[in-house]
Structure formats: C-alpha cells, structure tokens
Amino acid sequence: MSITKQYLKSKPECKITFCVPAKEAHKVEVAGDFNSWELSELKKYKNGNFKGQFNVPVDQKYQFRYIIDGQWINEAEADGYQWNDFAAAENSVLEV
C-alpha cells in the first residue's frame, strides 16, 4: 500500500493518492476524517491496484482506514497510528 502527497501551489491543499495492491480483492474503499467517514470506493486497475484521490486542507492530521472486501485494514506506510475509542482499534494517521 502507498500514499502519495502532492502539495498544490495554487491553494493550501494537498492531493492525496491512495494506492492499494489487492489483486484478489473485489472491492477496496477508504474512509476517514477527510470524507466524514463515508466509504469511498477506489477504482480497480488491470494491474490489480486500487486507486483514489482526495484534495485535503494542509496543516492537519487525518485518521483513516481501508476496507478491503468488508475488512477494515490500516495503511502500513501511514505517518502514524492513533487509538480510536469508537472503533476500539488503531486508525492510520495521515499528516499533511
């Protein structure tokens, strides 16, 4: 899994690209603070990667997790992890 950050020069935002290699998966989604924890489906490519992009305000931290075929998964390359009482688990943290 990977996250790419591209800071925009025209406004205080960062374009975040999530890439999840999951050849055997049927559906990969991401949910987090940046999308009000709504499930956002990532697009599947022929090489088996799922990708999605979001523009987020800079100078903030965002908690998020992937949902791969219904199973909640953390990002291995996250900027950190934070305990969440609601989920009773650690969430991945993205800092921009």
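Asn35 is placed in the loop between strands S3 and S4, where strands are DSSP runs of E with at least two residues, numbered from the N terminus. At 12% relative accessibility, Asn35 counts as buried; buried means under 20% relative accessible area, exposed over 50%, and partly exposed in between (1.4 Å probe, protein chains only). The model is predicted, so that local features need pLDDT of at least 70 and side-chain atom pairs count only at pLDDT 80 or more, while totals for chains, interfaces and linings use all residues. Residues are numbered from 1 along each chain as its sequence is written, and side-chain values use heavy atoms, with hydrogens and water left out.

The side chain of Asn35 reaches the backbone oxygen of Glu38 at 2.7 Å. A polar contact at 2.9 Å joins the side chains of Asn35 and Ser40; such a contact is a pair of N or O atoms within 3.5 Å, and within protein one must be able to donate a hydrogen and the other to accept it, with residues adjacent in sequence counted only if both atoms are side-chain atoms.

Rings of Phe, Tyr and Trp (its six-membered ring) pair if their centres lie within 6.5 Å, and planes under 30 degrees apart count as stacked, over 60 as edge-to-face and the rest as tilted. By this rule the count comes to seven aromatic pairs. Phe18 and Phe34 form a stacked pair, with ring centres 5.6 Å apart and planes at 25 degrees. Phe18 belongs to strand S2 (residues 13–21) and Phe34 to the loop between S3 and S4, so this pair ties together parts that are 16 residues apart in sequence. Phe18 counts as buried at 1% relative accessibility, and Phe34 counts as buried at 17%. The pair of Phe18 and Phe64 is tilted, the centres being 5.3 Å apart and the planes at 55 degrees. Because Phe64 lies in strand S7 (residues 61–68) and Phe18 in strand S2, the parts tied together are 46 residues apart in sequence. Phe64, at 0% relative accessibility, is buried. Ring pairs link Phe18, Phe34, Phe54, Tyr62, Phe64 and Tyr66 into a cluster.

Lys51 lies over the face of Tyr45, at 5.9 Å from the ring centre; the criterion is NZ of Lys or CZ of Arg within 6 Å of the ring centre and within 35 degrees of the ring normal.

Trp37 is in the loop between strand S3 (28–32) and strand S4 (40–41). With a relative accessible area of 33%, Trp37 is partly exposed.

Notes. Helices (H or I, at least four residues) and strands (E, at least two) are DSSP runs, numbered from the N terminus.
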